[in-house]
Amino acid sequence: MKSSVSSQKSTICNPPSAIPAHVAIIMDGNGRWAQRRGFPRLKGHEEGAQSILAVLKAAQKAGVKYITLYAFSTENWTRPQEEVDGLMSLLAQFMEKHSPLFLKNKIRLRVIGQMERLPEKVQKKLSALMAESEKEYEHTLIVALSYGGRQEIAAAAKKIAREAVAGKLDPETIDETTVAAHLYLPDVPDPELMIRTSGEQRLSNFLLWQLSYAELYITETLWPDFREPEFFAALEAFNRRCRRYGGVETR
């Protein structure tokens, strides 16, 4: 492991008011929230949608520029068809109902993942809002849909291989920067903070490349109960972290 005693660049101690530019969130616990209350699982997803609105508002208030939400993984297609259909319907309704809010608050929508696997009506609503919201924005919401971190890295490797075969890229020059430049959204900075709700302590195939140096914040709170106070608590925890990037603390 590399380390540096003298390098000031290798250690960044967040000042009290430090705000991460990019926060990634694994929204977990919708089903458990509903089951504990005797509701169908879809009710938990509906309440979770309200948490998305609350977090977007809180992120704007705090000054967070990018929020990435893990909404639907490639593995989620194996869930009961009724739940998958309900989730897709809920997604379409959410886009239709809240599109004006995105535009009013200058929030750009972007999507990562296998968007072509989503129902056509969902693709159309997402594409329409992405096109409209990119005209003027101050904040960005990235939604991971039918997404897998391993699939993203494999897709990047395939693009690099094609360029090498075509003679556009020298294999000897391939490094971390090359791989990062071939991921889904190479223009977006890596998340500095990753929040996971419901107490699970794993990445679940989420942004495996981009989260390499992110601070992890795990909370027992289920996603439908995660609102502005919980989001600010995560930011406060981030403020108390000292990021060393393989070096040692020099403060």
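Which residues in H3 meet which residues in H4? The legends below refer to a predicted model.

**View 1. Packing of helix H3 (residues 81–104) with helix H4 (residues 120–133).** The two axes lie 9 Å apart at an angle of about 15°. Because angles under 35 degrees count as roughly parallel, H3 is roughly parallel to H4. The crossing in which H3 passes H4 is left-handed.

**View 2. Residues in the contact of H3 with H4.**

**View 3. The largest pocket, with about 770 Å³ of space.** Its lining consists of 33 residues, and Met27, Asn30, Tyr70, Ala71 and Phe72 lie nearest the centre of the pocket. At least two lining residues each are supplied by helix H1 (30–36), helix H2 (41–62), strand S3 (66–73), H3 and strand S5 (139–147). H3 provides the largest share, 6 residues. The lining of the largest pocket divides into 18 nonpolar, 8 polar and 7 charged residues.

**View 4. The second largest pocket, with a volume of about 270 Å³.** Lining residues of the second largest pocket include Glu176, Ala180, Asp190, Pro191, Glu192 and Trp209. Also part of this lining are Gln210, Ser212, Tyr213, Ala214, Arg243 and Tyr245. The lining of the second largest pocket has 6 nonpolar, 2 polar and 4 charged residues.

Definitions and conventions
Residues numbered from 1 in each chain as written. Predicted model: local features only at pLDDT ≥ 70, side-chain atom pairs only at ≥ 80, totals over all residues. Heavy atoms only, no water. Axes fitted to C-alpha atoms, helices over the stretch in contact; angles between N-to-C directions. Helix = DSSP H or I, 4+ residues; strand = E, 2+ residues; numbered from the N terminus. Parallel < 35°, antiparallel > 145°, perpendicular 65-115°, else oblique. Left-handed = near helix turned anticlockwise from the far one by under 90°. Contact = heavy atoms within 4.5 Å. 1 Å grid on protein atoms, 1.4 Å probe; cavity = no way out; pocket = protein on both sides within 12 Å on 5 of 7 lines; lining within 4 Å. Points joined across faces, edges and corners; volume = space filled by probe spheres on them. Nonpolar A, V, L, I, M, F, W, Y, C, P; charged D, E, K, R; others polar.
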